Amino acid sequence: MVKFTKYQDYSESDFLNDELFQNWIFKPNEEINAFWAQFILDNPSKSDYISRAKLLLSSIEFKEDFLSEEKVRDYLKSTFASIDNTERQNKKIIIRSLNIRWWAVAASVLLILSVGYLFLVKQNKQQIAKIATQEKPIHDIAPGGNRATLTLGNGNTINLDSAQNGSLAIQGNTQVVKLNDGQLAYQNENNSSATVQYNTITTPRGGQYQLTLADGSQVWLNAASSITFPTSFVGDTREVKITGEAYFEVAHNANMPFHVKVGNITVQVLGTHFNINAYEDEGVIKTTLLEGSVKVSEGKENVMIEPGEQAQIKNPSDKIIVKKDVDMEEVVAWKNGLFQFDNTNIQDIMRKISRWYDVEVVFEGDIPNTRFNGKIYRNVNASMVFKILEEGGIHIIFKEGKVIVTN
Amino acid sequence: MAPPNHVWLRICDGDRIAYEEIFNYYFNRYCNYGKKFTDDSNLIEDAAQEVMLTIWNKRESISSINRVGAYFYTSFRHNLFDKIKQSQKLVGESHFLEDPQFSIDHFMIKNELDNEIRIQLKIAIANLTDRQREAIFLRFYEELSYEEVSGIMNISIKATYKIMARALAMLKENFNLPPKLLLLLLCRHL
């Protein structure tokens, strides 16, 4: 610490110009405060100078021109995109261009950005292994994107992320067309279709896809999900089968009810909007209705649900529980490119994250029972999401390719 | 609060979370600083982003940089000045290009001061040179040390002390508190 003696002969100007004195005003801390308080006590004759100098130094302020948080976030994103791009060129890792169009439905999605390049860590394990010696440890995980595999009736598979836009296959009278934005559409040439074939679209962990069926119904598939459907609809019902999570906007056709099969459960609709979450690790199959009406049946039991209600089925033999006033925005947030939490615990959150970022999540020790509220875009790196969770007292680290959650 | 040194060091290892922390703090700091020289947000934000990219690209040498926080202010200032000069050249505003001026408009005097004193101080600030104004901003607002200020403004530490001393003398001269008010203020501030 500087000795008082240095300051005993100081004039007002001397104080003004002294860096330690200025620090007391600009960035005070306990030590510095104590120093000057003691100095004034010991040298009361200087208190006049000191007060005036202090007052002058603290009288000048500056206007602050800060950008909005959104804007800074946008710049951060584009900077990361540019970094990824350069690193891709430098290291010759195969990286695919993904033009993610965030599924435009909800008005709540304001800023829609397209992410240029994503570093497909998991998809390229082999390449990573090859260059492991020169590669730094992975500190972040890129978000999922529009990825899926199409299995045709004849068993052939088409990788939809690398397939060119345009017609992919003709089956009977139906054309399968890849649209330019992570979407697939089925178009019937005419209605007489003797050769109905069943197709399956499967999304991997970290994938999502949108599909327009031959009847015009739209289906959004979340990560680690699948849908099996006919290339054209004939007969008196329209029937599809799903696993994982899907959101439906079914085209109205009173003459041909739409059936969704999930295991033993059937959801029957005429034309409506609803979400089915049937991930096995969630333990509950949830059908949430946004518009119209649907009937959920399992064996002999069945219930009709209304908009805002959710039918929950835990075990095949249990009764169907109907939950009212469900936060629908939260249920379909994934389809709108968001993670949304409403009084959600960390285990539920990490299951979603594990599917979307395709990472294994391990819990270690006692995890605080914090509940989280709020939303965040899904098209950000995992670290961004973790940062927000850390605010809630949860610690998350990357270790050996896994995500470890500790208190 | 400026992120501490260890956050910078984490960037050396390619830690993107640390980088994000630095980005979130400094991007806005740079833009705010840039605003004092020009109103052209595009130039400012471009310069800020380029510096942020430089930080990532140079991350392996960060550990050897002294006072790393201040170091990149220097890059930003340099980058922005180049851009401003370039744009002036394009519109043919000037043949001889000087450094951009540090605006007076962004200085504010504490509200609780007597109106007359505030006007006096404002006039004093207007009479300072651009360099004096910038030095005051970097020292008062950015809370950088004299040494760091000298690095950013590309002058010696001695020159920085001189610039600051002259500026402070000028302000002090125009900081004439009426005796009565002085007493009052002194009581409040001690």
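Okay, let's start with one pair of residues: A:F62 stands opposite B:F107, which belongs to β1(B). That pair sits in a place where strands from two chains meet. Strand β1 of chain A, residues 60–62, is joined to β1(B) by three bridges, and the two strands run antiparallel. Before I go on, keep in mind that this is a predicted model.

So what does the rest of that contact look like? On the chain A side there are 34 residues, and chain B puts in 44 residues. Which parts of chain B are involved? At least two residues each come from α2 (16–34), α3 (41–57), β1 (107–109), α6 (130–141), α8 (157–173) and α9 (179–189) of chain B. The largest share of that side is from α2(B), with nine residues. And if you sort the chain B residues that touch chain A by class, you get 26 nonpolar, ten charged and eight polar.

Let me stay with α2(B) for a moment, as there's a helix pair to look at. Helix α1 of chain B, residues 5–12, packs with α2(B) at an angle of about 130 degrees, and the axes are 8 Å apart. Parallel, perpendicular or oblique, what do we call α1(B) and α2(B)? An angle over 145 would count as roughly antiparallel, and this one is about 130 degrees, so the two helices are oblique to each other. The crossing of α1(B) past α2(B) is left-handed.

Which residues do the touching there? From α1(B) it's B:V7, B:W8, B:R10 and B:I11, and they meet B:A18, B:Y19, B:E21 and B:I22 of α2(B). In terms of class, that contact between α1(B) and α2(B) has six nonpolar residues, two charged and no polar ones.

I'd like to go to β12(A) next, residues 238–249, and walk through its partners. Strand β10 of chain A, residues 218–221, runs antiparallel to β12(A), with four bridges between them. In that pairing A:Q218 has A:E249 of β12(A) as its bridge partner. Then there's strand β11, residues 225–230 of chain A, which pairs with β12(A) over three bridges, also in the antiparallel sense. Look for A:S226 opposite A:T243 in that one.

With β13 of chain A, residues 258–262, β12(A) pairs in the parallel sense, over four bridges. There you'll find two lysines facing up: A:K241 stands opposite A:K261 in β13(A). And finally β15 of chain A, residues 273–278, is antiparallel to β12(A), with six bridges joining them. A:A246 has A:I276 of β15(A) as its bridge partner.

A quick stop at β7(A), residues 183–188: six bridges join it to β6 of chain A, residues 174–179, and that pair is antiparallel. A:V176 is partnered there by A:Y186 of β7(A). β7(A) also pairs with β9 of chain A, residues 207–212, in the parallel sense over three bridges.

Last region. There's an open sheet of three strands in chain A, in the order β22-β25-β24, with mixed pairing.

What lies across β22 and β25 of chain A? Helix α8 of chain A, residues 346–356, does, running at about 160 degrees to β22(A). Just after the helix, A:D358 takes a positive phi of about 50 degrees.

That's my tour, thanks. Happy to go back to any of it.

Methods
Residues numbered from 1 in each chain as written. Chains lettered and ligands numbered in written order. Predicted model: local features only at pLDDT ≥ 70, side-chain atom pairs only at ≥ 80, totals over all residues. Contact = placed C-beta atoms within 7 Å. Nonpolar A, V, L, I, M, F, W, Y, C, P; charged D, E, K, R; others polar. Pairing = 2+ DSSP bridges. Axes fitted to C-alpha atoms, helices over the stretch in contact; angles between N-to-C directions. Parallel < 35°, antiparallel > 145°, perpendicular 65-115°, else oblique. Left-handed = near helix turned anticlockwise from the far one by under 90°.
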